[in-house]
Amino acid sequence: MKTLELFEKYVIPNYTRYPVVLTRGEGSFIWDEDGKRYLDFFPGWGCNLLGHCPPTVVEAIQAQAAKLIHVPNSWHTREQGEWAQLLSQRSFGGKCFFCNSGTEANEAAIKLARMYGDEKKRYKIITFEDGFHGRTMGSVAATAQPKYQRGLGPLLPGFVYAPYNDLEAVRNIVENDDEIVAIMLEPIQGEGGVHIPSTEFMVGLRQLCDEHELILHFDEVQTGCGRTGTWFAYQGIGVTPDVMTLAKAIAGGMAAGALICKPELAPFLRPGMHAATFGGNPLAAAAGIATIRTIEEQNLLENANQNCEIFLRRFNALKEKCDVIADVRGRGAMIGVELNVSGAPAVQKCMENGLLINCTHGVVVRLLPPANLSAELANEGCDILCDALLSL
């Protein structure tokens, strides 16, 4: 039975899938079962920051699998402790909770915020329009986009939505609702269209949280672990959160997620209140350690920033002669090209010509290329995408 027939018969169709069967990947390329090669500018939905099957991560997983694959978190493992240390030292010196995905990390953060506010009966969390925090019920309720909530009501109560990048709207909510306990947002909105907030907005949120003893939570599931040309997006802004959630690029393509919080908040996530059976397992930890070391040893943060200059230069130049482009935005290996028309035809055209990209929010072409992408391949991909955009 062919692969597509297997899916038709045995797999729940909750994903919109392209009629393509992928068989192997290497670096910035991936191949389908017919032998066609694609340059992948959206590898693993942003999880494969090091490209497909990075040798250092593959070797770490292979070596670890021969020693220890999984043990429960009622025991200690060297790998999990070292991974936590590396993440803490590259962020704000916090403590880590490990899980398997971004939505799980956000669920842990929601619990942590509620337990922090329990004594004063504070439980509400401000989140933002066009944000995205995951697919589990708490994360869906936190996601202020009705299209992800349709048919799932009643939603978990306790979320108050505000317009992104509007400090006065947030201030008005905080000053008129004494049940607010936290502010939760992406420091750069990914699914919402690669929206980059002003520094004044982010600084103002930090000040509001300090004044009212609120938790400032940055959802860095998409932006973290080198994606934006710094270890974490907040470092490029100069505003430090109290809680940060991570996944996607954290382990070089392995399923993994994490919550990092300031040490004084860690006791609120007390024993018995939250857990993840596979969280921080030896395989994921080995992959996470190898990912961090590879980024540093290969100077990939700088490479991501250099490639960002190529993307912004190419697409801004195209914008001058192509009226379908409304805006170009980007940080590191995270690029958004907003169009005045639907981006779906551009995605299809690029795929036909051997380039994989994404369109989010209907009109934003989103690129999450590998941080180790060469300048030559960055320009090659730009050539294909520019031709597709001109064809619109």
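In this predicted model, helix α2 (residues 55-65) packs against helix α10, with the two axes coming within 8 Å and crossing at roughly 150°. Angles over 145 degrees count as roughly antiparallel, so α2 and α10 are roughly antiparallel to each other. The crossing of α2 past α10 is right-handed. On the α2 side, the contact is made by T56, V57, A60, I61, Q64 and A65. Helix α10 answers with P282, L283, A286, A287, A290, T291 and T294.

The largest nonpolar core has 55 residues, and W83, F128, V170, I183, L185 and L205 are the ones with the most contacts inside it. Helix α10, which spans residues 282-297, gives the most to this core, with 8 residues. Take W83 as a way in: setting aside its neighbours within four places in sequence, W83 is in contact with A284, A285, G288, I289 and I292, among others.

Another residue worth a look is I173, which sits in helix α7 (residues 167-176). Its relative accessible area is 16%, and the cut-off for buried is under 20%, so I173 counts as buried. Not counting residues up to four places away in sequence, I173 touches I126, V160, Y161, A162 and I180. F218 is another matter: I173 and F218 are 45 residues apart along the chain, and their C-alpha atoms are separated by 19 Å.

That leaves the cysteines. How many disulfides does the structure hold? The count is 0. A disulfide calls for a pair of cysteine sulfur atoms within 2.5 Å. For C350, the nearest cysteine sulfur belongs to C386 and is 9.2 Å away, and C350 is in no disulfide. C382 is in no disulfide either, and here the nearest cysteine sulfur, again that of C386, is 5.7 Å away. Are these two cysteines buried or exposed? C350 has 0% relative accessibility and so counts as buried. C382 is buried too, with a relative accessible area of 0%.

Key. Residues are numbered from 1 along each chain as its sequence is written. This is a predicted model: local features need pLDDT of at least 70, side-chain atom pairs count only at pLDDT 80 or more; totals for chains, interfaces and linings use all residues. Side-chain values use heavy atoms; hydrogens and water are left out. Buried means under 20% relative accessible area, exposed over 50%, partly exposed in between (1.4 Å probe, protein chains only). A nonpolar core is a set of buried Ala, Val, Leu, Ile, Met, Phe, Trp, Tyr and Cys residues joined through side-chain atoms within 4.5 Å. Helices (H or I, at least four residues) and strands (E, at least two) are DSSP runs, numbered from the N terminus. Contact means heavy atoms within 4.5 Å. Axes are lines fitted to C-alpha atoms, for helices over the stretch in contact, and angles run from 0 to 180 degrees between N-to-C directions. Angles under 35 degrees count as roughly parallel, over 145 as roughly antiparallel, 65 to 115 as roughly perpendicular and the rest as oblique. A crossing is left-handed if the near helix is turned anticlockwise from the far one by less than a right angle, and right-handed if clockwise.
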